Amino acid sequence: MNKKVSFWEFFQGLGKTFMLPVSLLAACGIMLGIGSSFASSVTAEILPFLKNPILKIFFEFMATIGSFAFSNLPVMFAMAIPLGLARQDKGVAAFSGYVGFAMSNLSVNFFLKATGTLATPENMKAAGQSMVLGIQSIDVGVLGGVLIGIIVYKIHDRYCEIKLPDALAFFGGARFVPIATAVIVGVISLLIPFIWPFFNNMIMGVGKMIGKAGAFGPFLFGAGEGLLRPFGLHHILVAMIRFTPAGGEAVVNGEVVSGALTIFYKQFADGILDPNVTKFLSQGKMPSYMFGLPAIALAIYNTARPENRKKIKGLLASGLVACVIGGITEPLEFIFLFLSPVLYVFHCIMVGLGFMMMGILKVAIGNTDGNLIDFIVFGVLQGTRTKWYLVLLVGAVWFVVYYTVFKYAILKFNLKTPGREAITEGDNVKLGGYDEERMLKALGGKDNIVSLDNCITRLRMVVKDMSVVDSDEIKATGAIAVVKLDDTNLQVVIGPQVHVVKNKLEKLMKK
């Protein structure tokens, strides 16, 4: 039983660690999009004031800064994973991640030289080799960074409290972790030339399966991401498509690039917009995120008791802002997920159909979030070649379908969505106001919490005794939902302010 729980907890945490590099990637993508758009001569012809040399230099500089993350993704994952998974000495864990990544490439470079298989500069691409941190090595991409990050986390977990003999005590404890990392990862990396082809072929196989699915491939991706979201495992699927050959491969400026998002950014910097790449990106989310979920909010509002509509307006408005502006859907999704799982499955299918429809129509809007910002920066500002106007047409259809289905289901099956029952003063009807002291008590107190962390919208924790956790009481303190994954793993869905709640809980637990 413990092994099963540990396995589940590990993958929960692993998915969460992806958010740090991905959030930087999203921000860099917006800077790249704005910088490239306003620095282009085409935009300058439409807006003559952009011909000002100072403005042009400013936007070119913005685009240059924005391109940073896309060239350093593997090492960012290698550092972010041990940083996110470690429960103590997180700085040491992140530092060791960098040490491990650099040492891995040095070790592979040594092997290639020793075996006479180090390719010449002209043949590097054909041999699957590239320059990584100034070292010629086998290009293992983001997946390699993830695997190194996991190994470093295990080393950190094993050795961060090691006690050495007095003569060597200076190297003990946290200081021993990067030392052990350099040696262990260095030795393990000698196997990369032998095992990497297997991993690469496996991922390529996934990519070929998706490719053979044609227009149905984006549907499977969009629907699958939604179905995995309640369990917090959607980050794994998303990362595979965005950053590995499962999301496609392309040659950009003579460089082989893997993953739909990585390819998009590389091409975007050169002014290329390929709908075959963007079919797995922002555009697929837009019909549901920008139109479908707002329609659900309207259906919930219109089916609420008239006297309760003002009381639930804050809840729905906060969810709408998080969804349409921030691309964060959970505050709205968790309103109906537990009331009607069938409606949630319908929603996931509609998201999948949105991906499929955008792909069929050859829309070319990239980035990650599928929100209004992506629509403007990567759609409207890039001109009609992105076919951004089709998002509005499809979105209008999605709005009508969502509203009709949800309003009918709420009334037909008398679903108790917010406002359908009498609301008392103590009921949770808005986002943003949380009672952390009451929440901690409902969680069983600080002694019941083994570990506490958060992802983008939810608290993730391991508890000693799940039976003392009061879900209704937790929701009454301001939470949207409580997800009990098994006997020890618990998630509390908060929304965009989750980090504030987590920090306050940690302060209370230290008292």
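Mentor: With a relative accessible area of 2%, Cys348 is buried (under 20%; over 50% is exposed and the range in between partly exposed, with a 1.4 Å probe and protein chains only). This is a predicted model, in which local features need pLDDT of at least 70 and side-chain atom pairs pLDDT 80 or more, while totals for chains, interfaces and linings use all residues. Residues are numbered from 1 along each chain as its sequence is written, and side-chain values use heavy atoms, without hydrogens or water.

The structure contains zero disulfides (a pair of cysteine sulfur atoms within 2.5 Å). For Cys323, the nearest cysteine sulfur belongs to Cys348 and lies 13 Å away.

Cys455 sits in the loop that joins β5 (449–454) to β6 (458–463) (strands are DSSP runs of E, at least two residues; helices are runs of H or I, at least four). Cys455 is buried, its relative accessible area being 7%.

The model has five salt bridges (a side-chain nitrogen of Lys or Arg within 4 Å of a carboxyl oxygen of Asp or Glu). In one of them, Lys285 meets Glu225 at 4.0 Å, N to O. Lys285 belongs to helix α14 (residues 282–303) and Glu225 to helix α10 (residues 216–228), so this pair ties together parts 60 residues apart in sequence. Both Lys285 and Glu225 are buried.

A second pair joins Glu473 and Arg438, with 2.6 Å from N to O. This pair links distant parts of the chain, helix α21 (residues 471–476) with Glu473 and helix α20 (residues 436–442) with Arg438, 35 residues apart. Glu473 is partly exposed at 26%, and Arg438 is partly exposed at 32%. A further salt bridge connects Glu307 with Arg305, the closest N and O atoms being 3.8 Å apart; Arg305 is partly exposed, with a relative accessible area of 37%.
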